[in-house]
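Here is a walk through one protein model, written for someone who likes cut-offs spelled out. Have a look at the sequence and the fold first, then read on.

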Amino acid sequence: MSVTAKTSDDKKTVDICVAEQFDYSAHQSFREAYRFVDQPGAMFRVDLSKATYMDSSALGMILLLKEHADTLSGKVVLAKPNPAVHKILSIAKFDQFVTIEA
């Protein structure tokens, strides 16, 4: 499990990259990646191209991120999930409230 994050200089864009397994073990580092961003309209882009597995706790973490973004009138984008991760997101109907980029 590995979560890295980069925040733009104006703190309006946060790129979060999740590698390997996206499960409860990533909870702390995933939360730390965005919790101090408080700019109205901030965009949170979660790069899932290197995530090989996702479980229900990861879905919960994305929901918490979405809730945080909503308080800022911001946006969450899930980018490049592999087919297995994309299938999990589709089954959970995440495409109905976050943008999923192929």
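## One face of helix α1

In helix α1 the buried residues are F30, A33 and Y34, where buried means under 20% relative accessible area, exposed over 50% and partly exposed in between (1.4 Å probe, protein chains only). They span an arc of only 80 degrees around the axis, so they sit on the same side of α1; the arc is taken from the directions from the helix axis to the C-beta atoms. What do these buried residues pack against? They pack against β1 (2–7), β2, β3 and α2, with contact meaning heavy atoms within 4.5 Å. Helices (H or I, at least four residues) and strands (E, at least two) are DSSP runs, numbered from the N terminus.

A word on the source: this is a predicted model, so local features need pLDDT of at least 70 and side-chain atom pairs count only at pLDDT 80 or more, while totals for chains, interfaces and linings use all residues. Residues are numbered from 1 along each chain as its sequence is written, and side-chain values use heavy atoms, with hydrogens and water left out.

With β2 (residues 13–22), β3 pairs over nine bridges in the parallel sense; two strands pair if DSSP finds at least two bridges between them.

## A buried aspartate

Which residues does D47 touch, beyond its neighbours within four places in sequence? They are I16, C17, V18, A79 and K80.

D47 is buried but has no salt bridge, a salt bridge being a side-chain nitrogen of Lys or Arg within 4 Å of a carboxyl oxygen of Asp or Glu. The nearest side chain of opposite charge is R45, 4.6 Å away; Lys and Arg count as positive and Asp and Glu as negative, with His and the chain ends not counted.

## The salt bridges

Side chains of opposite charge can pair when their charged atoms come close. By the rule above, the model has two salt bridges. One of them joins R35 and E32 at 3.0 Å, N to O. R35 counts as partly exposed because its relative accessibility is 36%, and E32 is partly exposed at 33%.

D70 and K66 also meet in a salt bridge, at 2.8 Å, N to O. Both lie in helix α2, four residues apart, which is about one turn of the helix. Is each end buried or exposed, or in between? D70 is partly exposed, with a relative accessible area of 42%, whereas K66 counts as buried at 19%.

## I62 on helix α2

I62 lies in helix α2 as well, and is buried with a relative accessible area of 0%. Not counting residues up to four places away in sequence, I62 touches F22, F30, M54, L78, L89 and F94. The C-alpha atoms of I62 and I88 are separated by 13 Å, and the two residues are 26 residues apart along the chain.
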